[in-house]
Amino acid sequence: MEGGELLDPDGAIEYLRQWKDRIDQTAARTRAMADRLDQLRASATDTDGLAEVTVDSTGVLVDLHLTQRIHRVSPNAVARAILYAVQQARLEVARKSREIVIDEMGPESVAARAIAEKIEQRLQGPEGDERIRDIGR
């Protein structure tokens, strides 16, 4: 919009209407994204089939199922299995979160990329593998 159009009352009204429409659309997409992220869950199983976990969109453990195989291994092996499965579920939540954010806000959105990156950083954690390997040592 050229500066002169703001001086035209009809042009200014149309400009403000379009601006409000863009804001309303952004707000609706943001609400939809938040609703989808709130419902997001991911499950994973460790490589030995000892534990299956489910985490929510924030990476918090919301369900844990241990198989009968845990009776044949050490408690440290069970702990490593649980932590490994949680780490894998969190990685899956991060991947799905990125898809939701990009889907709702668009692949060109700088905000979408920043939000997705922040979610991934929070869920992946820098030292996950080291913690799992150190259990029982």
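Reader: Where is threonine 54 found, and why does this residue count as buried?

Author: Threonine 54 is found in strand 2, where strands (E, at least two residues) and helices (H or I, at least four) are DSSP runs numbered from the N terminus. Its relative accessibility is 14%, and buried means under 20% relative accessible area, exposed over 50%, and partly exposed in between (1.4 Å probe, protein chains only). Threonine 54 therefore counts as buried.

Reader: On what conventions do such values rest?

Author: This is a predicted model, in which local features need pLDDT of at least 70 and side-chain atom pairs count only at pLDDT 80 or more, whereas totals for chains, interfaces and linings use all residues. Residues are numbered from 1 along each chain as its sequence is written, and side-chain values use heavy atoms, with hydrogens and water left out.

Reader: Which residues does threonine 54 touch, and what makes its link with serine 43 a polar contact?

Author: Residues up to four places away in sequence are not counted; among those that threonine 54 touches are Arg41, Ser43, Val60 and Asp63, contact meaning heavy atoms within 4.5 Å. The side chains of threonine 54 and serine 43 are joined at 2.6 Å. A polar contact is a pair of N or O atoms within 3.5 Å; within protein, one must be able to donate a hydrogen and the other to accept it, and residues adjacent in sequence count only if both atoms are side-chain atoms. The 2.6 Å value therefore falls inside the limit.

Reader: How do you know that strand 1 and strand 2 pair, and in which sense?

Author: Two strands pair if DSSP finds at least two bridges between them. Strand 1 and strand 2 (residues 51-56) have five, in the antiparallel sense, so they meet the criterion. Alanine 44 stands opposite valine 53. Five residues separate the two strands in their hairpin, and glycine 49 in the turn has a positive phi of about 70°. Strand 2 also pairs with strand 3 (residues 61-66), again antiparallel over five bridges; there, alanine 51 has leucine 66 as its bridge partner.

Reader: What makes the pair of arginine 17 and aspartate 21 a salt bridge?

Author: A salt bridge is a side-chain nitrogen of Lys or Arg within 4 Å of a carboxyl oxygen of Asp or Glu. For arginine 17 and aspartate 21 the closest N and O atoms are 2.7 Å apart, so the pair qualifies. Both residues lie in helix 2, four residues apart, about one turn of the helix. Arginine 17, at 42% relative accessibility, counts as partly exposed.
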